[in-house]
Amino acid sequence: MGSALPESGLETLDRLLSMALANPTVVAAVVAAAIGVAAGLYALRRFTRPAGARFLESIAGLDEVAILLHPNPDPDAMATGMGVASLAEQVDTDAVIQYPGQIRHQENRAFRTVLDVDIERIDHVSDVAAEHVVLVDHNEPRGFAGADSVLPFAVVDHHPGEGAGEAFTDVRTDYGAASSVVGEYFDDLGAEPVSPAKHESEVDADYTVPSRVATGLLYGILTDTNRLTSGCSAADFAAAGYVYPGIDEDQLDRIANPEVSTEVLELKARAIAGRDVRGPFAVSDIGRISNVDAVPQAADELVQLEGVTAVVVLGERNGTIHFSGRSRDDRVHMGETLDAALSTLREASAGGHARMGGGQLSLREGVIETVAGETVARDDLRERLFEVMEGDV
């Protein structure tokens, strides 16, 4: 007796189709499983791609973005803004860099001038240049009227905080500078740093790091990590090395060595002479000042004193006390220290990261008040700063 002939392909398909029609539940399960597998593969591909590629994809479809810096921006904030603006422009998205407050420190002013940073000052939420806002070097809008109504589209930062972007969030608290994060974005995309002797149009690459952007990013990394000596990670060194071929050494020197006014030198001397040192911690109240830039510069000087590992300097201008802190002590997270010290006071705000932080306190008719309406003496404020640094609060 001969064997049965093998079933043809068409007969097999017809038989499977008949079985499927007789079992719709099986069909639904197979379709659902197929959709699940496809979705899983898409998600895996999407979220395992480098952050730089994902960030670029998030802004590539937008007509314009407003890149918002934190109040009184420093080189790291401005450099990060420059980098994000450059990435946006390379995918035909218009970008406007904006900031609240002022750019006062001579180093910050030199950074802006030497690198020709195109940046706009804002006072009110209505000044924000675009519907889609990218926050850089901070993760919660602040420093201008209506800031709490801004819903960021994207956030790129290295400070602790709960802020997030609607479409993209990248907060890396283990990085010493936000400039390192953006430098890594360029590296993720295979962008080529452009030598100062060339224009980016002369480079055969899909993406580039223009020389002024590379110079800015390197300087941003250096300032926020104290020249790569504190609060930095391997990623900061890697980002600095990556952008190095594009830096302009002359521009770096002009930013790093601006002229220092006599007033700033005198205020530094006052801070050193009037310091209150207790163990490894120091607080210096330099009283009334006309140049707010002197406060962080005095903090930079004080933390270098032998035996001092954490300092807070404060000075008053136009009814506002300005605080600046520096720490090279693993026990003192300066951003959290200042936040804790000012948290119970009315019209006060503070923040920062482990090695440096800042804050402001508005006086009410010359008086410091708690949120409960109680008066606080200036000496009590100094005591509280010491208590927080010592871990007693």
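**Figure 1. The salt bridge between Arg331 and Asp329 in the predicted model.** In this predicted model, Arg331 is exposed, with a relative accessible area of 63%, and Arg331 forms a salt bridge with Asp329 in which the closest N and O atoms are 2.7 Å apart. Elsewhere, salt bridges that share partners join Asp276, Arg278, Asp379, Arg382 and Glu383 into one network. The structure as a whole holds 21 salt bridges.

Figure 2. Lys268 and Glu301 form a salt bridge, with 3.3 Å between the closest N and O atoms. Since Lys268 lies in helix α10 (residues 262-273) and Glu301 in helix α11 (residues 294-302), the pair ties together parts that are 33 residues apart in sequence. Lys268 counts as buried at 14% relative accessibility, whereas Glu301 is partly exposed, with a relative accessible area of 34%. A further salt bridge, shown for reference, is formed by Asp170 and Arg172, whose closest N and O atoms are 2.8 Å apart; both Asp170 and Arg172 are buried.

Figure 3. Within α11, the residues Ala294, Val295, Gln297, Ala298, Ala299 and Leu302 are buried.

Figure 4. His322 has its place in strand β12, which covers residues 320-327, and His322 is buried, with a relative accessible area of 9%. Not counting residues up to four places away in sequence, His322 touches Val292, Val295, Val313, Leu314, Gly315, Arg317, Gly359 and Gln360. One of these contacts, Val295, is also among the buried residues of α11.

**Figure 5. Ser362 in strand β14.** The place of Ser362 is in strand β14 (residues 356-362), and at 26% relative accessibility Ser362 counts as partly exposed. Although Ser362 and His322 are 40 residues apart in sequence, their C-alpha atoms are 8.9 Å apart in space. With residues up to four places away in sequence set aside, Ser362 touches Gly319, Thr320, Arg346 and Glu347.

**Figure 6. Ala178 in helix α6.** Ala178 is found in helix α6, which runs over residues 178-188, and Ala178 is buried, with a relative accessible area of 0%. Leaving aside its neighbours within four places in sequence, Ala178 is in contact with Asp76, Thr80, Asp137 and His158. Of these contacts, His158 is 20 residues from Ala178 in sequence, while the C-alpha atoms of the two residues are 5.4 Å apart.

**Figure 7. Val150 in the loop between β4 and β5.** Val150 lies in the loop that connects β4 (133-136) with β5 (154-157), and although this is a loop position, Val150 is buried, with a relative accessible area of 11%. When residues up to four places away in sequence are not counted, Val150 touches Val125, Val133, Pro141 and Phe144. The C-alpha atoms of Val150 and Val128, which are 22 residues apart along the chain, are separated by 9.2 Å.

**Figure 8. A negative surface patch that includes Asp63.** Asp63, Glu64, Glu89, Asp92, Asp94, Asp116, Asp118, Glu120, Glu131 and Glu166 form a negative surface patch. Asp63 itself is placed in the loop between α3 (51-60) and β1 (64-68), and at 68% relative accessibility Asp63 counts as exposed.

**Figure 9. The whole protein, as context for the close-up views.** The protein has 13 helices and 16 strands, and of its 393 residues, 48% count as buried. Among contacts between residues at least 6 apart in sequence, 62% join residues that are at least 24 apart. The protein exposes about 19,100 Å², of which carbon and sulfur atoms supply 50%.

Definitions and conventions
Residues are numbered from 1 along each chain as its sequence is written. This is a predicted model: local features need pLDDT of at least 70, side-chain atom pairs count only at pLDDT 80 or more; totals for chains, interfaces and linings use all residues. Side-chain values use heavy atoms; hydrogens and water are left out. Patches are made of residues with over 30% relative accessible area and no salt bridge: like charges are joined within 9 Å, nonpolar side chains (Val, Leu, Ile, Met, Phe, Trp, Tyr) within 5 Å. Accessible areas come from the Shrake-Rupley method with a 1.4 Å probe; for residues, only the protein chains shown count as cover. A salt bridge is a side-chain nitrogen of Lys or Arg within 4 Å of a carboxyl oxygen of Asp or Glu. Lys and Arg count as positive and Asp and Glu as negative; His and the chain ends are not counted. The place of a charge is taken as NZ of Lys, CZ of Arg, CG of Asp or CD of Glu. Helices (H or I, at least four residues) and strands (E, at least two) are DSSP runs, numbered from the N terminus. Buried means under 20% relative accessible area, exposed over 50%, partly exposed in between (1.4 Å probe, protein chains only). Contact means heavy atoms within 4.5 Å.
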